[in-house]
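Kindly keep the structure in view while reading them.

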Amino acid sequence: MAETEVALTPSELPSAAENSYIIRPNFKDKFKPAIVKEAIQEVVAEHLKGKDYDPEQAPIWCKTITEAVKEKVKSLGMDRYKLAVNVVIGEQRGQGIKVGCRCFWDSDTDNYAQHLYMNESMFCLATAFGVFFY
């Protein structure tokens, strides 16, 4: 069996996305923490309203809420942002909790939003980080 070579003309070559050389987002395209926080609030309330803490279900809830928050924030039109979403669910027994994060980013373009949900039996801290993709 002989191999055949096929020559493609430039118009037949797959087109690659052209670089836009945008190094800063437009004001309307920036990560808006207030809008993202509202989106997080809606998703968390929708998934946890009326539920009691269950250590068997908490990891599943975390994963479900994380994916839902990510999809909701993507639908807000921040296309050039890479998103990282973190959700922590724990049992509420009157204890204190301290959650911290450290990031190396551009303070002009990158930001985050978080929401704390609490009921009688559990707490949920959901955080969404938006990092502009240069």
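How many residues does the largest nonpolar core have, and which residues have the most contacts inside it?

1. This is a predicted model, in which local features need pLDDT of at least 70 and side-chain atom pairs count only at pLDDT 80 or more, whereas totals for chains, interfaces and linings use all residues. Residues are numbered from 1 along each chain as its sequence is written, and side-chain values use heavy atoms, without hydrogens and water.

2. The largest nonpolar core has 24 residues, and Leu 48 and Ile 89 have the most contacts inside it. Such a core is a set of buried Ala, Val, Leu, Ile, Met, Phe, Trp, Tyr and Cys residues joined through side-chain atoms within 4.5 Å; buried means under 20% relative accessible area (1.4 Å probe, protein chains only).

3. At least two residues of this core come from each of α1 (33-48), α2 (58-74), β1 (81-91), β2 (111-118) and β3 (122-132). The largest share, six residues, is supplied by α2. Helices (H or I, at least four residues) and strands (E, at least two) are DSSP runs, numbered from the N terminus.

4. Leaving aside residues up to four places away in sequence, Ile 89 touches several residues, among them Leu 48, Trp 61, Ile 65 and Phe 123. Contact here means heavy atoms within 4.5 Å.

5. β3 is mostly covered, with 10 of its 11 residues buried. β3 pairs with β1 in the antiparallel sense over 11 bridges, and Phe 123 in β3 is the bridge partner of Gly 90. Two strands pair if DSSP finds at least two bridges between them.

6. β2 and β3 also pair in the antiparallel sense, over eight bridges. Leu 116 has Leu 125 in β3 as its bridge partner, and a hairpin joins β2 to β3 through three residues.

Notes:
Buried < 20%, exposed > 50% of the residue type's maximum accessible area, 1.4 Å probe, protein only.
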